[in-house]
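Please read the following report alongside the sequence and the coordinates.

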Amino acid sequence: MKKFKMSRELAYVLGLLIMPFAVAFTVRADLGMSMIASPTYIISEKVSFLSYGMTEYIVQALLLALMCIIIKKFRVAYLMSFASAVIYGAILDFACYITKAIPADNIVVRIVLFALGMVLTCLAVALFFNTYLAPCVYDFFVRVIGFEKKLDMRKWKLAFDFSMLIVSVVLSLVLFRRFIGVNFGTLIMAALNGNIIAFFSNMMKKHIEFFDRFPLAKYFEN
């Protein structure tokens with residue numbers, strides 16, 4: 001079967017466009033968000049002058065700085081990850097504004113929005129797996145530290161995700177005395193996302209041939 005050709009640069013653009021809308025759908029569903037997305041959402045709900053998108057790239061800038069401190073290294077190419085965070089944050093604010101128009105007082109609609117958000121999140125992650133351009137800082141943080149410290153990537157990713165879940169729970173209880181952003185949907189995403197991402201990754205491997213349109217990959221290698 002002839003494979004469809006897609007540049008790795010296009011995979012990055014598509015991932016960066018899909019992910020904010022995926023998160024916005026889960027926000028609108030209000031059934032729980034991914035443990036990665038929820039801490040900044042909780043903060044933005046408490047701090048009135050910060051939008052969700054603004055909170056995202058502020059927190060991601062701090063995380064990028066922490067990464068450089070841990071690995072004791074800085075490369076100009078790392079700034080691409082922060083640029084991704086800024087673009088992501090801007091699109092996220094737009095996506096949240098657009099999705100507010102969706103009536104979400106019906107539980108069936110909310111479940112559909114949640115399921116759509118979860119699937120699109122996994123699709124975006126699978127696309128990011130096939131690009132050399134630095135994604136938002138969360139994934140970049142895990143990838144670079146895992147590579148530099150020679151960690152077991154699976155265990156390290158699980159540890160990072162669990163840490164983000166703990167941060168989400170603590171922030172929610174401290175700032176609101178109740179759960180905000182964290183719900184049963186968070187557990188569903190934690191349980192299913194890996195398998196859904198693997199499904200999309202396998203489909204892409206079977207049906208898409210990725211290639212570099214521009215000779216820039218060498219600047220983004222670890």
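The report below takes up the aromatic pairs, then a serine and its contacts, and then a surface patch.

This is a predicted model, in which local features need pLDDT of at least 70 and side-chain atom pairs count only at pLDDT 80 or more, while totals for chains, interfaces and linings use all residues. Residues are numbered from 1 along each chain as its sequence is written, and side-chain values use heavy atoms, with hydrogens and water left out.

The structure holds nine aromatic pairs, where rings of Phe, Tyr and Trp (its six-membered ring) pair if their centres lie within 6.5 Å, and planes under 30 degrees apart count as stacked, over 60 as edge-to-face and the rest as tilted. Two of the pairs are set out here.

| Pair | Geometry | Centre to centre | Angle between planes |
|---|---|---|---|
| Tyr41 and Tyr52 | edge-to-face | 5.4 Å | 65° |
| Tyr78 and Phe140 | edge-to-face | 5.5 Å | 70° |

Tyr41 belongs to helix H2 (residues 38-46) and Tyr52 to helix H3 (residues 52-71), so their pair ties together parts that are eleven residues apart in sequence; helices here are DSSP runs (H or I, at least four residues), numbered from the N terminus. Tyr78, by contrast, lies in the loop between H3 and H4 and Phe140 in helix H6 (residues 137-148), so that pair ties together parts that are 62 residues apart in sequence. Both Tyr41 and Tyr52 are buried, as are Tyr78 and Phe140, where buried means under 20% relative accessible area, exposed over 50%, and partly exposed in between (1.4 Å probe, protein chains only).

Ser81 is found in helix H4 (residues 79-99) and is buried, with a relative accessible area of 0%. The side chain of Ser81 reaches the backbone nitrogen of Val137 at 3.4 Å. Ser81 and Asn106 are 25 residues apart in sequence, and their C-alpha atoms are 38 Å apart in space.

On the surface, Ile107, Val108, Ile111 and Val112 form a nonpolar patch with about 360 Å² of accessible area together. Ile111 lies in helix H5 (residues 107-128) and is partly exposed, with a relative accessible area of 46%. Patches are made of residues with over 30% relative accessible area and no salt bridge, with like charges joined within 9 Å and nonpolar side chains (Val, Leu, Ile, Met, Phe, Trp, Tyr) within 5 Å; a salt bridge is a side-chain nitrogen of Lys or Arg within 4 Å of a carboxyl oxygen of Asp or Glu. Accessible areas come from the Shrake-Rupley method with a 1.4 Å probe, and for residues only the protein chains shown count as cover.

Technical notes
Helix = DSSP H or I, 4+ residues; strand = E, 2+ residues; numbered from the N terminus. Polar contact = N/O pair within 3.5 Å; in protein donor to acceptor, adjacent residues only side chain to side chain.
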